[in-house]
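Look at the structure first, then read on.

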Amino acid sequence: MTWTRSRGLVNALQQARFANSHTCVSARAACARRAPAQTRCYATGSDTPTEVERILLDTIKATGPISFATYMQMCLSHPTAGYYMKTTKPVIGSEGDFITSPEISQVFGELLGVWLLSQWMYAGKSREIRLLELGPGRGTLMHDVLRVFSQFPAARSATKEIHLVETSPTMRKAQESKLSFLAQTHGWKLHWHDSVDQVPHDDSKFTLILAHEFFDALPFHLLQKTHHGWQEVLIASGPDPAAPTVLKPGDSPKLDFSPRVPPLVNNAARFRQVLSPSPTPSSTLLGLSSTRFQTLPVGSRIEVSPASFKIARQLGELLHDGSSDEARSAGSALIIDYGGEKVYGNSFRAFKDHKIVDPFHRPGECDLTVNVDFAYLKDATADLVTHHGPLSQAIFLHRMGLQARLDALKAAAKDDARRQQIEQAAKRLVDPTGMGTQYQIMGMTGKRKAALTDEERWPFVEIPQNRAQNPSAVGQ
């Protein structure tokens, strides 16, 4: 989709309907979910253990060291004590531990919705639409996307189903509260699933998928390359007997693979990292799961998520229309997350009260995240989809018509204070020192024999260097 077409869709949105932005004003003073903080907090090991911590320590005592995948899965998704499963405290927003782009400005979801709408217009207009979101949070992003679709009669009538992959009962209630009125108004059916594999394949419909800050919360395995092969770094209990003094890590975690062991807090910490005595079948398999890993030197550490590989593959299968012998695509997707097209080895971190904290601090009470290896997602789906990007969030939003949408919202605002709020929220989304470059956006369309036009690939196209240097002017 060219800039002209993108701007046309953006301008077609009804100003009055969208003027009541849900921009989170108080969030301006809070940290973005994954943004590096100036101050890092670390566990002292002296606090009363959390419920998840006790379970993990008992497990280690009974069966030995556990993987980082097990640790992350238990901390986030334990049925009663997991971070996302509890009802005692909000996790998103100024009262929670992080805030996401859709909660900052409605423009984010609207422009993603415009891209999804354009994909249907080019490749699937003769088919009904079903939307799918993975990890929808409070339903804000999907709500913004659906409001965009509701403004176009053809898309409104073609939309039939909204599928939401969510395991948290608390989040499901929030999503139902946010989306039910709009869905009932237009006769759209809401469906919830515990996993992607529960979403039925349906090539007769055009499937549009969103995964915003989903893959970064999936469990991963930490591997280290030795002269014997790939060995897994595991988590054991108790202080490291070889570390009798307090160790002070740097101000912020490096986001590249590194042979060094990120130090724990002190010898009172309840968890420590240990290297498995030898390669295992699983660590060897994961080390061979991408040809990129094979060239890394001895001592390298990599964070590998087989769960991400599997789910990306499942999304690719939903987008691929095998029944038509690739004569057409079955849908398109956007993946938005922290990371890049490379493997990381020391990006695992936790967030509590909008600050980066040690990942072993208060297990089950902190949000855990790891950078996404977008190249690994491409490896998983290479035979099923055509990939676009990733692009930085700033470039994507600018090219999709950010300024045009802002102008319309500010024109509809009642006073200067409101106009300033709208402007500041949007600037935060594209801040080159923050969310604008830290988030990456990758598109996927189901493979088809006919080549994609530049309009279909927009905004994931090459731009002449003299124009690309100024993202705000790109596409204008």
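At least two residues of the lining of the largest cavity come from each of strand 10 (301–304), strand 15 (372–373) and helix 12 (374–381). The model is a predicted one. In the largest cavity there is about 140 Å³ of space. This cavity is lined by 15 residues, and those closest to its centre are Glu303, Ser305, Ser308, Asn371 and Asp373. By kind, the lining of the largest cavity divides into 10 nonpolar, 3 polar and 2 charged residues. The count of cavities of 30 Å³ or more comes to 3.

The largest pocket is the next topic. Its space is about 810 Å³. Of the 36 residues that line the largest pocket, Gly135, Thr167, Phe214, Ala217 and Leu218 are the closest to its centre. Two or more residues of this lining are given by each of helix 4 (68–77), helix 5 (101–104), helix 7 (140–150) and helix 11 (306–319). Which element gives the most to the lining of the largest pocket? Helix 11 does, with 4 residues.

Terms used: Residues are numbered from 1 along each chain as its sequence is written. This is a predicted model: local features need pLDDT of at least 70, side-chain atom pairs count only at pLDDT 80 or more; totals for chains, interfaces and linings use all residues. Side-chain values use heavy atoms; hydrogens and water are left out. On a 1 Å grid over the protein atoms alone, a cavity is a set of points where a 1.4 Å probe fits but cannot get out, and a pocket is an open set with protein on both sides within 12 Å along at least five of seven lines; lining residues have an atom within 4 Å of a point. Grid points are joined across faces, edges and corners, and a volume is the space filled by probe spheres set on the points. Ala, Val, Leu, Ile, Met, Phe, Trp, Tyr, Cys and Pro count as nonpolar, Asp, Glu, Lys and Arg as charged, and the others, Gly among them, as polar.
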